[in-house]
Amino acid sequence: MFDRIGTMQMAQALTDHAVQRQKLIAQNVANADTPDFKARDLSDFASTYRSQVSAEMRSTRSGHLTGVSWGAESGRVVDDGGEPAPNGNTVSVEEEMIRTAEARREFDVSLAVTRSAMSLIRTSLGRRS
């Protein structure tokens, strides 16, 4: 039922983006000392969401496929482009800490939007709380 509400879809997509970004950050930190490891990150949410929504195919029946995938490997993973260390590693733990805070903020925003939308739905149904 809630999957047809655009606000809820956007909040779910933002949550998925924050989760995938946090996974990449964890991989970057885990490989901070690995020679020739290149730090990776996700493209910003706004540009990927707009392109994903505009490229979405419409389906006429629930069984039809839309061709949309929100996985991390759907072309949104980008090279961080950081300065390489002498061993070729481009991971900066300080930058990863900043990215962790940004991912947490994205998750908090998606949670606030979901809570607000659920409150609005409850109010429209005549329930208060």
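In what order do the elements of the protein chain run from the N terminus on? They run α-β-α-β-α, where helices (H or I, at least four residues) and strands (E, at least two) are DSSP runs numbered from the N terminus. This is a predicted model, in which local features need pLDDT of at least 70 and side-chain atom pairs count only at pLDDT 80 or more, while totals for chains, interfaces and linings use all residues. Residues are numbered from 1 along each chain as its sequence is written, and side-chain values use heavy atoms, with hydrogens and water left out.

**Overall layout**
- The secondary structure of the protein chain comprises three helices and two strands.
- Of the 129 residues in the protein chain, 29% are buried, where buried means under 20% relative accessible area, exposed over 50%, and partly exposed in between (1.4 Å probe, protein chains only).

**Salt bridges between helices**
- The count comes to seven salt bridges, each defined as a side-chain nitrogen of Lys or Arg within 4 Å of a carboxyl oxygen of Asp or Glu.
- Arg 21 and Glu 102 form a salt bridge at 2.9 Å, N to O, and this pair links helix α1 (residues 6-30) with helix α3 (residues 93-124), 81 residues apart.
- Arg 21 is buried at 8% relative accessibility, whereas Glu 102 is partly exposed at 30%.
- Glu 106 also forms a salt bridge with Arg 21, with the closest N and O atoms 3.9 Å apart, and Glu 106 is buried at 10% relative accessibility.

**Within helix α3**
- Glu 95 and Arg 99 form a salt bridge, with the closest N and O atoms 3.7 Å apart; being four residues apart in helix α3, they are separated by about one helical turn.
- Salt bridges that share partners join Arg 21, Asp 41, Glu 95, Glu 96, Arg 99, Glu 102 and Glu 106 into one network.
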